[in-house]
Amino acid sequence: MKTAPDHSLRGLLRERRGVPLVMALVGVLALGNALTTPEQGRRWLVAGLLLPVLWLGLALWYRWVLVGVRQRGTGDPSDVRRYFLSAATLFVFALGVRQTVILGLDLWSGLGGPPLPPDVERRVIGGLYGVVLIGVGNALPKILTPLALLPRRHAERVTVARRFVGTTVVVLGLAVALASLTAQVAFAVRVLRLAGLAVVLSTLGAIVWMNVAPWRQVE
């Protein structure tokens with residue numbers, strides 16, 4: 001007999017056990033930094049709580065969407081759950097990798113290890129951002145706004161928009177990684193900032209395209 005999926009926060013975390021492990025790793029690194037440089041305690045507190053707060057915010061959004069789906073009687077709650085888990089896990093892991101590297105470098109410096117030259121550190125972090133963007137871009141076509149929440153007859157146009165965003169983010173990730181490894185640091189930093197802005201704008205544009213476009217009102 002097939003059991004009903006667990007939509008509770010505990011059930012979501014139980015299915016994605018890697019998420020609390022990433023949160024714990026980042027928390028340990030933040031605690032280590034707080035012990036070595038207590039004068040920056042507020043910074044380490046924010047760093048340690050960022051992932052749990054992000055996951056909780058996404059989970060609340062998921063619950064809100066789930067209630068709407070059940071009230072309208074359209075879509076499958078299991079589809080919503082699957083897309084949420086994919087999206088939330090991806091973003092937690094992507095941000096977790098970034099936090100791990102940055103906090104690890106800070107802890108290494110706080111423990112008295114020889115610091116990396118500033119240019120090398122910036123290139124490492126910039127290259128890491130590029131890799132994260134490439135991973136996010138590859139996954140976005142599958143997780144960006146569930147098709148289960150959209151009219152089926154418009155799924156093809158929605159899929160085109162989602163793939164466009166995914167391709168855009170992958171290209172931006174490649175540009176960031178290449179600039180971080182080969183270009184001057186100042187230029188690489190500008191590329192990274194512009195890429196971040198482009199990712200946000202393209203993602204928001206796709207969400208508007210898929211949810212607020214005129215055809216959404218035609219049934």
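**Close-up 1. Thr89, a buried residue of helix 4.** Thr89 has 11% relative accessibility, so it counts as buried (under 20% relative accessible area is buried, over 50% is exposed and anything in between is partly exposed, with a 1.4 Å probe and protein chains only). Its place is in helix 4 (helices are DSSP runs of H or I with at least four residues, strands are runs of E with at least two, and numbering starts at the N terminus). Leave out residues up to four places away in sequence, and Thr89 touches Arg16, Val19, Trp55 and Phe84 (a contact is heavy atoms within 4.5 Å). Bear in mind that this is a predicted model, where local features need pLDDT of at least 70 and side-chain atom pairs count only at pLDDT 80 or more, while totals for chains, interfaces and linings use all residues. Residues are numbered from 1 along each chain as its sequence is written, and side-chain values use heavy atoms, with hydrogens and water left out.

**Close-up 2. Helix 3 against helix 4.** Here are residues 41–72 (helix 3) and residues 77–110 (helix 4), whose axes come within 10 Å and cross at roughly 170 degrees. That angle makes helix 3 roughly antiparallel to helix 4 (under 35 degrees is roughly parallel, over 145 roughly antiparallel, 65 to 115 roughly perpendicular, and the rest oblique). The axes are lines fitted to C-alpha atoms, for helices over the stretch in contact, and the angles run from 0 to 180 degrees between N-to-C directions. Sorted by class, the contact of helix 3 with helix 4 has 22 nonpolar, three polar and four charged residues. For those classes, Ala, Val, Leu, Ile, Met, Phe, Trp, Tyr, Cys and Pro are nonpolar, Asp, Glu, Lys and Arg are charged, and the others, Gly among them, are polar.

**Close-up 3. The nonpolar cores.** The largest nonpolar core has 23 residues, and those with the most contacts inside it are Leu12, Leu51, Trp55, Tyr62, Val80, Phe84 and Leu103. A nonpolar core here is a set of buried Ala, Val, Leu, Ile, Met, Phe, Trp, Tyr and Cys residues joined through side-chain atoms within 4.5 Å. Helix 2, helix 3 and helix 4 are the elements that give two or more residues to this core, with the largest share, nine residues, coming from helix 3. A second, separate core has 19 residues, including Leu128, Val169, Ala183 and Ala188.

**Close-up 4. Asn33 and Thr36 in helix 2.** Asn33 lies in helix 2 and, at 1% relative accessibility, counts as buried. Setting aside residues up to four places away in sequence, Asn33 touches Pro38, Trp44, Leu103, Asp106 and Leu107. Thr36 also lies in helix 2, but at 27% relative accessibility Thr36 counts as partly exposed. Apart from neighbours within four places in sequence, Thr36 is in contact with Leu107, Gly110 and Leu111. Thr36 and Gly110 are 74 residues apart in sequence, yet 5.7 Å apart in space, C-alpha to C-alpha.

Close-up 5. Gly48 lies in helix 3 and counts as buried at 16% relative accessibility. Arg122 is found in helix 5 (residues 118–143) and counts as exposed at 52% relative accessibility. Arg122 and Ala186 sit 64 residues apart in sequence and 9.7 Å apart in space, C-alpha to C-alpha.

**Close-up 6. Confidence, and the chain as a whole.** The protein has a mean pLDDT of 78, and 83% of its residues reach 70 or more (pLDDT is the predictor's confidence in each residue, from 0 to 100). Confidence is lowest in helix 1 (residues 9–15), at a mean of 75, and highest in helix 2 (residues 18–36), at 90. Over residues 215–219 pLDDT stays under 50, and the model has 12 contacts beyond four places in sequence for them. Where pLDDT is low, the predicted coordinates should not be read in detail. Zooming out, there are seven helices and zero strands, and 41% of the 219 residues count as buried. Of the contacts with a separation of 6 or more, 78% come from residues 24 or more positions apart.
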